[in-house]
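The following points concern surface and pocket features of the model shown below. They are set out for a reader who will examine the coordinates directly.

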Amino acid sequence: MTEIKVVNKSRHPLPRYATPLSAGMDLRANIGEPLTLHPMERRLIPTGIFIALPPGYEAQVRPRSGLALKHGVTVLNTPGTIDADYRGEVMVLLVNFSSDDFIVEDGERIAQMVVARHERGEWVEVETLDETERGAGGYGHTGVK
């Protein structure tokens, strides 16, 4: 378990895992009054949560599958990355892809956050790359079977 420093300026409990094997913690809207998200509208929704991740970690903000399935509401920049040196409020960029208005309520679970370890890469310039069976085959190159 990785310790994460957190400041909770919201009116809601800290994000938590719903089950023992959950990968993500639910993030809640921290808004003064209900907010209407019109069809095809995107809005940045505050959570009231501020975090300090340890070096070598990131937090990924991802959609909640129930909101996407039932209401067509998702996180637009998914996954949204929170870097270890960011100290601002965790915000969620929601978009409404449905044809109906969606009301975001204070305290509503609007996204999930996954904490993940990551590596930093270092470029090594070379003249050629090694050959592989796949080669330069890109999108759809393996067919549909």
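1. Met40, Leu76 and Phe97 together make a nonpolar surface patch with about 310 Å² of accessible area. Patch residues have over 30% relative accessible area and no salt bridge, with nonpolar side chains joined within 5 Å and like charges within 9 Å; a salt bridge is a Lys or Arg side-chain nitrogen within 4 Å of an Asp or Glu carboxyl oxygen. Areas are Shrake-Rupley values with a 1.4 Å probe.

2. The model is predicted: local features require pLDDT of at least 70 and side-chain atom pairs pLDDT 80 or more, while totals for chains, interfaces and linings use all residues. Residues are numbered from 1 along each chain as its sequence is written, and side-chain values use heavy atoms, with hydrogens and water left out.

3. Leu76 lies in the loop between β6 (73–75) and β7 (80–82); strands are DSSP E runs of at least two residues, numbered from the N terminus. Leu76 is partly exposed, at 37% relative accessible area (buried is under 20%, exposed over 50%).

4. The largest pocket has a volume of about 300 Å³, the space filled by probe spheres set on grid points. A pocket is an open set of points on a 1 Å grid where a 1.4 Å probe fits, with protein on both sides within 12 Å along at least five of seven lines; lining residues have an atom within 4 Å of a point. Of its 13 lining residues, Thr2, Ile4, Tyr17, Met25 and Val115 lie nearest the centre. β4 (42–52) and β10 (109–117) each give two or more residues to this lining.

5. The second largest pocket holds about 200 Å³. β8 (89–96) gives two or more residues to its lining, as does β7, and the largest share, five residues, comes from β8.

How values were computed
Helix = DSSP H or I, 4+ residues; strand = E, 2+ residues; numbered from the N terminus. Buried < 20%, exposed > 50% of the residue type's maximum accessible area, 1.4 Å probe, protein only.
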